[in-house]
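Biologist: Please show me the chain. I have some questions about its fold.

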Amino acid sequence: MSNKPNFFSHFATTVADLSGKPFTFVAALALVLVWAVSGPFFGYSETWQLVINTTTTIITFLMVFVLQNSQNRDGKALQAKLDELILTSQAANKFVGIEKLDEDELREMSKTLAEKAECVEEKADEKSAAEATST
């Protein structure tokens, strides 16, 4: 594991943290309100409209990549933690790394787990019914 700081990862984390704060929302709202109020001064021209359209498009386009990077790292970290829990518990180690399976394999594994869950649920219901009749 490398301790070398990755500039983009650090940047993406910082931007993702800042973009989720109430202050950022208020600042964006204020910017839109200033733009809207300035409309009469610019005669609601096409250039005036183009400024907000271009600005919001560029910000949205760049934020997609920044937030996706942050989300990918969070997902990988969470998966690593889950894998560690599986490996150190009595759970079946076959679940480690299942996020790398293709769609059909995941569907089959999910089906198998659902069937096992039904069996466990039936046994629990039988046990509850037996306990209820014995009391």
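Modeller: Questions and answers on the model follow.
This is a predicted model, where local features need pLDDT of at least 70, side-chain atom pairs count only at pLDDT 80 or more, and totals for chains, interfaces and linings use all residues. Residues are numbered from 1 along each chain as its sequence is written, and side-chain values use heavy atoms, with hydrogens and water left out.

Biologist: Which pattern does the protein chain follow along the sequence?

Modeller: Helices (H or I, at least four residues) and strands (E, at least two) are DSSP runs, numbered from the N terminus. The protein chain has four helices and zero strands. Read in order, the pattern is α-α-α-α.

Biologist: What radius of gyration does the protein chain have?

Modeller: The radius is taken over C-alpha atoms, and the globule rule is 2.2 Å times the number of residues to the power 0.38. For a compact globule of 135 residues, that would be near 14 Å. The protein chain has 26 Å.

Biologist: Is F7 buried or exposed?

Modeller: F7 sits in helix α1 (residues 7–19). Buried means under 20% relative accessible area, exposed over 50%, partly exposed in between (1.4 Å probe, protein chains only). Because its relative accessibility is 67%, F7 counts as exposed.

Biologist: Which side chain of opposite charge is nearest to D83?

Modeller: D83 lies in helix α3 (residues 46–88). Lys and Arg count as positive, Asp and Glu as negative; His and the chain ends are not counted. D83 is buried and has no salt bridge (a side-chain nitrogen of Lys or Arg within 4 Å of a carboxyl oxygen of Asp or Glu). At 5.7 Å, the nearest such side chain is K100.
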